[in-house]
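Good morning, and thank you for making time on the agenda.

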Amino acid sequence: MKNFAAIDFETANGCRSSVCSVGVVVVRDGKIVDEYYSLIHPAPNYYNPKCVEIHGLTREDTDSADYFPEVWAEVAQLIEGLPLVAHNSRFDEGCLKAAFERYEMTYPDYRFYCTYLASRRVFGGQLLNHQLHTVAARCGFDLKNHHNALADARACAEIAMKIL
């Protein structure tokens with residue numbers, strides 16, 4: 001796969017619509033050509049302590065952030081015409097669909113590919129697990145700042161360029 005957009009969401013709580021940050025990495029002709037990161041005012045707007053422990057974002061970080069429709073207007077321009085790639089795409093696609101539903105936006109049926117599933121096919125039992133940081137390391141990418149949406153989208157893009 002030479003042209004795609006890798007995407008990653010972080011959520012504020014257990015509701016998939018509570019996206020609080022997004023990272024996007026655009027790949028064209030097998031090269032990273034653009035990146036995008038934004039905090040998002042989550043809906044519903046409360047933070048589960050477990051989520052905060054994972055990604056480090058709090059309500060104070062996102063209280064003045066744009067809401068999902070404003071952020072997505074920018075993302076949509078970047079990813080137009082591209083398939084989306086995510087590590088465990090069921091989660092990220094679920095977040096995207098839930099946010100679209102929450103704001104009563106028409107979902108454009110984005111096509112998703114999953115680097116988690118691809119890793120299981122390509123590497124099988126060669127890895128202890130198929131978590132993002134493990135697969136990224138196997139593909140030669142040092143994932144720093146794991147659970148930052150842009151860092152995770154970069155790792156996903158690097159994996160996709162190697163195994164998709």
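In this predicted model, five strands make up an open sheet in the order β3-β2-β1-β4-β5, and the pairing within it is mixed. The edges are formed by β3, residues 31–39, and β5, each of which pairs on one side only. From one strand to the next, the twist averages 25°.

Helix α7, residues 149–163, packs on it and touches β1, β2, β3 and β4. The direction of α7 makes about 35° with that of β2. Helix α5, residues 115–123, lies across β4 and β5 and runs at about 40° to β5.

Let me turn to strand β1 and its partners. With strand β2, residues 19–28, β1 pairs in the antiparallel sense over 8 bridges. Within that pairing, A6 stands opposite V25 in β2. With strand β4, residues 84–86, β1 runs parallel, and 2 bridges join them. Here A5 stands opposite L84 in β4.

The next topic is the aromatic residues. The model contains 8 aromatic pairs. One of them joins F68 and Y103, whose rings are stacked at 6.2 Å centre to centre, with 20° between the planes. F68 lies in helix α3, residues 68–79, and Y103 in the loop between α4, residues 89–102, and β5, residues 112–114, so this pair ties together parts that are 35 residues apart in sequence. F68 is buried, at a relative accessible area of 2%, whereas Y103 is partly exposed, at 25%.

A further pair, W72 with Y110, is edge-to-face: the centres are 5.8 Å apart and the planes stand at 75°. W72 lies in helix α3 and Y110 in the loop between α4 and β5, so the pair ties together parts that are 38 residues apart in sequence. Both partners are buried, W72 with a relative accessible area of 3% and Y110 with 17%.

These residues belong to one aromatic cluster, formed by F9, F68, W72, F100, Y103, Y107 and Y110.

I come now to a residue in helix α1. H55 is found in that helix, which spans residues 49–55. Is H55 buried or exposed? H55 is buried, with a relative accessible area of 14%. A polar atom of the H55 side chain lies 2.8 Å from the backbone oxygen of T11. The side chain of H55 also reaches the backbone nitrogen of L57, at 3.0 Å. Leaving aside residues up to four places away in sequence, H55 touches E10, T11, A12, C20, Y47 and H147.

A disulfide is a covalent bond between the sulfur atoms of two cysteines. How many disulfides does the model have? The count comes to 0. For C20, the closest cysteine sulfur is that of C51, at 7.6 Å, which is too far for a bond because the cut-off is 2.5 Å. C20 is buried, with a relative accessible area of 0%. For C114, the closest cysteine sulfur is in C156, at 8.0 Å, again too far for a bond. C114 likewise counts as buried, at 11% relative accessibility.

The aromatic cluster includes F9, F68 and W72.

Conventions: Residues numbered from 1 in each chain as written. Predicted model: local features only at pLDDT ≥ 70, side-chain atom pairs only at ≥ 80, totals over all residues. Heavy atoms only, no water. Phe/Tyr/Trp six-rings, centres within 6.5 Å; stacked < 30°, edge-to-face > 60°. Helix = DSSP H or I, 4+ residues; strand = E, 2+ residues; numbered from the N terminus. Buried < 20%, exposed > 50% of the residue type's maximum accessible area, 1.4 Å probe, protein only. Pairing = 2+ DSSP bridges. Axes fitted to C-alpha atoms, helices over the stretch in contact; angles between N-to-C directions. Contact = heavy atoms within 4.5 Å. Polar contact = N/O pair within 3.5 Å; in protein donor to acceptor, adjacent residues only side chain to side chain.
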